[in-house]
Amino acid sequence: MVRIDVALVPQEIEARNLNGITAIVIDVLRASTTIACAISNGCDEVIPTTSVEEAVEISRAYARGDYLLCGERKGEKIEGFDLGNSPLEYTADRVAGKKIIITTTNGTGAIRAAKGADDVIVGSFWNISAACDRAVALGRDILIVCAGEGRRFALEDAVCAGMMCERIASMVAVDESDGCVAARRLYASFRDGLEAAVASSEHARYLARIGFGDDVAAAVQADRVGVVPVLREGHIVRRAE
């Protein structure tokens with residue numbers, strides 16, 4: 001039996017021992033969706049950072065043509081950076097063969113916070129089946145970490161977590177935490193209207209106001225890609241088949 005837990009806000013894992021755990025980190029709007037897109041479109045790797053200064057410092061280790069400096073603050077592309085945090089920007093002609101050095105308000109910090117887990121998978125609606133399949137195949141207890149918004153609960157991440165819990169429970173016998181039960185019930189209430197549910201979330205409404213409504217609609221598309229981005233020594237790479 002697999003224990004499946006959901007951290008509905010990232011603070012839940014700050015003091016937690018993650019030994020023996022497979023973590024799936026979710027930031028639907030938008031970091032985990034963007035990372036799945038970048039990996040699918042052939043980037044070399046994604047390096048998640050927690051500050052603008054750290055991203056710039058890391059970039060100095062590489063030749064200018066080898067990387068893209070990416071990220072957002074308050075949803076907008078950081079001044080002087082190559083790309084923001086819109087998955088629709090990360091086309092193959094922009095990212096193929098490049099190192100993506102990225103900092104975002106919530107997602108990259110959550111990924112870094114989960115690094116103590118035995119395996120860290122970056123998950124989203126876009127790669128939901130592939131991420132769940134890989135987590136189950138690893139045979140460990142599973143912790144789904146919702147990045148949230150400003151260290152607060154985010155509806156879109158919790159609904160995605162609930163969908164993951166349901167899929168995992170359909171593949172293997174599970175022992176569910178309260179967080180898992182809550183996320184599954186939330187997903188069940190929105191199952192037939194996922195796009196509307198995500199669009200109604202606080203962060204989705206903010207993104208729409210600043211011109212990123214298309215990102216919100218795109219982020220809800222389940223199984224758009226089949227990649228499994230995994231964290232290896234601080235860098236996110238495509239899991240070898």
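Where is the place of Arg 151? Arg 151 sits in the loop between strand 8 (141–146) and helix 6. The model is predicted.

**Arg 151 and the largest pocket**

- Arg 151 has a phi near 65 degrees. That is a positive value in a residue other than glycine.
- The space inside the largest pocket is about 190 Å³.
- Helix 4 (residues 107–113) gives the largest share of the lining, with four residues.
- Sorted by class, the lining has seven polar, four nonpolar and three charged residues.

**Helix 6 against helix 5**

- Helix 5 covers residues 128–138, and helix 6 covers residues 155–169.
- Their axes come within 10 Å and cross at roughly 50 degrees.
- An angle from 65 to 115 degrees would count as roughly perpendicular, and one under 35 as roughly parallel. Helix 5 and helix 6 are therefore oblique to each other.
- The crossing of these two helices is right-handed.
- On the helix 5 side, the contact uses Ile 128, Ser 129, Cys 132 and Val 136. On the helix 6 side, Cys 160, Met 163, Met 164, Arg 167 and Ile 168 take part.
- By class, this contact has seven nonpolar residues, one polar and one charged.

**Helix 6 against helix 7**

- Helix 7 spans residues 178–190. Helix 6 and helix 7 pack at an angle of about 100 degrees.
- The axes of helix 6 and helix 7 lie 7 Å apart.
- These two helices are therefore roughly perpendicular to each other.
- Helix 6 brings Leu 155, Ala 158, Val 159, Ala 161, Gly 162, Met 163, Cys 165, Glu 166 and Ala 169 to the contact. Helix 7 brings Cys 180, Ala 183, Arg 184, Leu 186, Tyr 187 and Phe 190.
- By class, the contact of helix 6 with helix 7 has 12 nonpolar, one polar and two charged residues.
- Met 163 of helix 6 takes part in both contacts, with helix 5 and with helix 7.

**A cis peptide bond**

- Leu 29 and Arg 30 are joined by a cis peptide bond. Its omega is about 10 degrees.
- Arg 30 lies in the loop between strand 2 (21–26) and helix 1 (31–40).

Key: Residues numbered from 1 in each chain as written. Predicted model: local features only at pLDDT ≥ 70, side-chain atom pairs only at ≥ 80, totals over all residues. Heavy atoms only, no water. Axes fitted to C-alpha atoms, helices over the stretch in contact; angles between N-to-C directions. Parallel < 35°, antiparallel > 145°, perpendicular 65-115°, else oblique. Left-handed = near helix turned anticlockwise from the far one by under 90°. Contact = heavy atoms within 4.5 Å. Nonpolar A, V, L, I, M, F, W, Y, C, P; charged D, E, K, R; others polar. 1 Å grid on protein atoms, 1.4 Å probe; cavity = no way out; pocket = protein on both sides within 12 Å on 5 of 7 lines; lining within 4 Å. Points joined across faces, edges and corners; volume = space filled by probe spheres on them.
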